[in-house]
Amino acid sequence: MHLVAPSVLSANFANLQADIEMINSSKADWFHVDVMDGVFVPNISFGFPVIKVLQKLAKKPLDVHLMIVDPDRYVQAFKEVGAEILTVHYEACTHLHRSIENIKNSGMKAGVALNPHTSINVLEDIIVDIDLVCMMSVNPGFGGQKFIENTYEKVEKLKHMIAAKNAKTLIEIDGGVDLNNYQKLVKAGANVLVAGNTVFSSNNPSEAISALKAI
Ligand code: DX5
Ligand code: ZN
């Protein structure tokens, strides 16, 4: 059964509590939390004060996606505000193995995100150490963008790599996931679906989450 992680980036920040409670009582599995620094990506989202609100109110794991340069500096700080899964970008880490070890030693699950242009092959020598691969199916930085079709092929290749290496890594898809493509993604091997726009632009966000959970 695949997991669904609504992206808080698309929530209503004027009433975040209501959206957090909606996710708590929905069929969602995780909260997807997008942190952007305006350097690694051309947008700035939110930081620790907002994540502390999630830590206080969310009843499901916080899946934190760091779109920031030099993420090693903040690993401990994200642990302290309640991250259960901490994902860094391959493109932002010179010493990826060390970053992964730091995250795991801090007591979190370690994720690695790949930009659309980055081949999955770069993970071959580290896949067994990674708990989750966040495959970007849009260029990171904004919600509500168009899904990149090449993602299906990447998911299949990654799934084969994971099986060949006997790894337990989860495949997460992030960007442009909707009710027309989610089933094909699950069939290709996706384990976790992130959804911002599809959930929060719906008239009934909780039903949209249920729809994304349906097989
Ligand atoms: C994009 C973020 C995504 C985003 C997804 O940089 O990493 O998590 O919130 O939003 P949708 O589902 O609207 O593409
Ligand atoms: Zn994300």
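Colleague: Is Phe 13 buried, partly exposed or exposed?
Modeller: Phe 13 is partly exposed, because its relative accessibility is 41%; buried means under 20% relative accessible area, exposed over 50%, and partly exposed in between, with a 1.4 Å probe and protein chains only. This is a predicted model, in which local features need pLDDT of at least 70 and side-chain atom pairs pLDDT 80 or more, while totals for chains, interfaces and linings use all residues. Residues are numbered from 1 along each chain, and side-chain values use heavy atoms, without hydrogens and water.

Colleague: How many aromatic pairs are there?
Modeller: There are four, counting rings of Phe, Tyr and Trp (its six-membered ring) with centres within 6.5 Å; planes under 30 degrees apart are stacked, over 60 edge-to-face and the rest tilted. Phe 13 and Phe 46 form a tilted pair, 5.8 Å centre to centre with 50° between the planes.

Colleague: Which parts of the chain does that pair link?
Modeller: Distant ones: Phe 13 is in the loop between strand 1 (3-6) and helix 1 (16-25), and Phe 46, 33 residues apart from it, is in the loop between strand 2 (31-36) and helix 2 (48-57). Helices (H or I, at least four residues) and strands (E, at least two) are DSSP runs numbered from the N terminus.

Colleague: And is Phe 46 buried or exposed?
Modeller: Phe 46 is buried, because its relative accessibility is 10%.

Colleague: Turning to helix 1, which residues are buried there?
Modeller: Among them are Leu 16, Ile 20 and Ile 23.

Definitions and conventions: Chains are lettered from A and ligands numbered from 1 in the order in which they are written.
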